[in-house]
Amino acid sequence: MTHFHFGNCFALAYFPYTQWAGAVIPSTDAMTHFHFGNCFALAYFPYTQWARNMATTCSDKYIIHRGLLLPKETHTEESLRFAAEFEFKNDDVLIVTYPKSGTTWMQEIIPLLLNGGDLTPVTTIPNWDRVPWFEETRLALVLDKLKSPRVMVSHLPYNLMPSSLSSSKAKVIYVTRNPKDAMVSSFHFHKMANFLDDPGNFQEFMDKFLTGQVLFGKWTDHIKSWKHADLGDRILYTTYEAMVENLPGSLGEFSTFLGNDLSEKTLLGIADHCCFKNMSKNCMSNYSLVPKEFMDPSKSQFLRKGISGDWKNHFSPEQDLKFSACISEEMKGENLCFPWCG
Ligand SMILES: Nc1ncnc2c1ncn2[C@@H]1O[C@H](COP(=O)(O)OS(=O)(=O)O)[C@@H](OP(=O)(O)O)[C@H]1O
């Protein structure tokens, strides 16, 4: 349990930077046959009821890859094949998260920890190039520009990782967050992200979240897949809540895990730069460089509130009961202890 004590203690790439970053977007034509609502897709997946549910929610903004809903804007069959065949190096660091669980925060923190607190990369390189998404089209374009140790982020479940992750000595930091807060954050993000479908009303979005008809599937499946990752002491589990509670403490833990113990003074300096108030002002990290046609800041902010427990401002008592019961049922027998479970 030591490593799974989330109380002590993983980013999907679905942002629309491909066009405006001047990237060449690989053709998505090859994915057409994977689109739900399409007869081939329904026949391809054995779980037809689930497929029917997905078909009703999946618009042409998405592709379905191995049962996961992914934004077409940033994912293609080629990018997913590139990820599936990726050769990890021994000193690579992979940050893994279910969407809206601390990805952007870690894209800021880990480069700083690895370079001793030098702010240059995080104030000059946009986070999508500094710590690229493993499964997105952008990775192939920036990979050879990454300095060693390379840091990448992923929202993929462990079963979609290439075998080189376990055969190498690469390290993984898995960050999870109270699924209620991740859902609330995702709900607001869907309102601002024009490359995603409108989330509908809050209850409708919750129903999709609980049945996995959202980006990267069910929260519970994601957690379980990484809990059972066969990576020994090369994976560190942490939580968004632990970072909110004691950021310098979490930074110390990451630093030790990465094998570059930093002084308290350096850790405090990194914590100060990475606090919500300061990070929100960093245009290399707050997505203000993204054109309004892709993310509309008049609808919501990417770095929105940065707190634990915002779900309490959104859930009715009945929604809370239903959500908790659903997650508990699916996590039964997993013996996991999360800070938000009291
Ligand atoms: N520095 C810092 N401190 C506290 N919280 C922070 C920080 N940086 C990002 N965030 C919050 O993380 C939420 C976005 O999650 P992700 O970055 O994982 O999103 S994504 O998966 O990459 O789309 C989103 O949460 P909400 O505010 O609840 O919407 C961000 O505000």
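Helices α5 and α14 are oblique to each other. In this predicted model, α5 spans residues 103–114 and α14 spans residues 247–257, and the two pack at an angle of about 55 degrees with their axes 11 Å apart. The crossing of α5 past α14 is right-handed. On the α5 side, the contact is formed by W105, M106, I109, I110 and L113, and on the α14 side by L247, L251, F254 and S255. Sorted by class, this contact has 8 nonpolar residues, 1 polar residue and no charged residues.

For L94, leaving aside residues up to four places away in sequence, the residues touched include F88, F134, M161, L165, I173 and W226.

Most residues other than glycine have a negative phi, and most peptide bonds are trans. The bond joining S148 and P149 is cis, with omega about -5 degrees. P149 is in the loop between α8 (138–142) and β4 (151–154).

Two non-glycine residues have a positive phi: R66, near 45 degrees, and Y287, near 65 degrees. R66 is in the loop between β1 (62–65) and β2 (68–71), while Y287 is in the loop between α16 (276–279) and α17 (317–331). R66 counts as exposed because its relative accessibility is 56%, whereas Y287 is buried, at 3% relative accessible area.

Conventions:
Residues are numbered from 1 along each chain as its sequence is written. This is a predicted model: local features need pLDDT of at least 70, side-chain atom pairs count only at pLDDT 80 or more; totals for chains, interfaces and linings use all residues. Side-chain values use heavy atoms; hydrogens and water are left out. Axes are lines fitted to C-alpha atoms, for helices over the stretch in contact, and angles run from 0 to 180 degrees between N-to-C directions. Helices (H or I, at least four residues) and strands (E, at least two) are DSSP runs, numbered from the N terminus. Angles under 35 degrees count as roughly parallel, over 145 as roughly antiparallel, 65 to 115 as roughly perpendicular and the rest as oblique. A crossing is left-handed if the near helix is turned anticlockwise from the far one by less than a right angle, and right-handed if clockwise. Contact means heavy atoms within 4.5 Å. Ala, Val, Leu, Ile, Met, Phe, Trp, Tyr, Cys and Pro count as nonpolar, Asp, Glu, Lys and Arg as charged, and the others, Gly among them, as polar. Buried means under 20% relative accessible area, exposed over 50%, partly exposed in between (1.4 Å probe, protein chains only).
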